[in-house]
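This briefing goes through selected local features of the structure shown below.

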Amino acid sequence: MKNTKTCGTQETAAVIWLITALILAAVFPIWQNLSLPIFTLVFLILPLVNLIKNKNAKRIGMGKTKLGKILKWTASNLGAIILVYAIFEPWSGAYAYLLSEATSSGSTDPTFVWLRLFEGPGGWLGMFIFSGLITIFAEELCFRGWLLRTLEPKVGEFWANTIQAAIFTLPQLVVVFLMPSLTMGLVYGLVYSFGAIGMINGWISMKAGAIWPNLIAALLMNLILSILILGL
């Protein structure tokens with residue numbers, strides 16, 4: 001059995017990543033006069049506390065996983081998410097609306113501001129790295145990593161996955177109620193947040209044993225949708 005009282009290489013790397021992400025998540029918005037991502041900070045702090053306490057990266061979804069397994073479940077995840085968006089986005093326009101708001105001149109979103117700071121590939125690269133190291137990573141880490149693995153031994157796989165997806169969706173309701181139509185709100189809240197990101201990513205995380213396939217698929221999907229909607 002793994003000695004959770006000994007901090008190994010994986011745990012040390014995870015602690016460094018999380019502390020660095022916390023610093024950047026706080027400093028960059030202040031520097032650029034943007035909104036402080038309170039949820040992102042909370043999503044990073046909770047797993048970090050657990051990691052420091054238990055010294056076990058696997059318990060927060062950051063354990064080692066074989067490359068073949070990562071590739072297999074990344075492909076499965078990406079395929080499922082593409083299918084969901086291909087069905088719902090053309091007639092709902094939910095993601096396109098959110099993207100237009102996040103990239104508007106008055107937006108203070110720290111993830112998409114990179115597209116305004118740098119033109120061309122530099123902006124896309126900045127967004128990809130920032131979301132991969134901080135914003136999207138924080139969501140996957142907190143919900144499909146730490147929370148899912150905390151709940152699973154207590155309530156089983158199905159309920160652990162359902163509960164984490166439901167809790168993940170709660171802060172998204174702020175966005176849902178601000179959307180211009182009921183259709184957009186329902187698609188974003190129930191289909192995208194709870195169903196695609198919550199349930200599908202949770203299931204993939206359990207099968208893969210880590211959040212890495214989710215993180216890679218989410219980053220690629222976010223980049224693909226952004227390019228398709230905004231153009232290069």
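The model is predicted.

Buried site
- Serine 131 belongs to helix α6, which covers residues 121-155.
- Serine 131 has a relative accessible area of 1% and is therefore buried, as the limit for that class is under 20%.

Surface patches
- Ile216, Leu220, Ile224, Leu228, Ile229 and Leu230 make a nonpolar surface patch of about 480 Å².
- One of these residues, leucine 230, lies in helix α9 (residues 212-230) and is partly exposed, with a relative accessible area of 38%.
- A positive surface patch is formed by four lysines, Lys58, Lys66, Lys69 and Lys72.
- Lysine 58 sits in the loop between α2 (38-54) and α3 (67-92).
- Lysine 58 counts as exposed because its relative accessibility is 56%, and the class begins over 50%.

Positive phi in loops
- Asparagine 33 is not a glycine, yet its phi is positive, at about 60 degrees.
- The loop between α1 (9-31) and α2 holds asparagine 33, which is exposed at a relative accessible area of 67%.
- Lysine 55 likewise is not a glycine and has a positive phi, here of about 50 degrees.
- Lysine 55 is in the loop between α2 and α3, and its relative accessible area of 28% makes it partly exposed.

How values were computed:
Residues numbered from 1 in each chain as written. Predicted model: local features only at pLDDT ≥ 70, side-chain atom pairs only at ≥ 80, totals over all residues. Heavy atoms only, no water. Patch = residues over 30% accessible without salt bridge, like charges linked within 9 Å, V, L, I, M, F, W, Y side chains within 5 Å. Areas by Shrake-Rupley, 256 points an atom, 1.4 Å probe, with all protein chains shown as cover. Salt bridge = Lys/Arg side-chain N within 4 Å of Asp/Glu carboxyl O. Lys, Arg positive; Asp, Glu negative; His and termini not counted. Charge placed at Lys NZ, Arg CZ, Asp CG, Glu CD. Helix = DSSP H or I, 4+ residues; strand = E, 2+ residues; numbered from the N terminus. Buried < 20%, exposed > 50% of the residue type's maximum accessible area, 1.4 Å probe, protein only.
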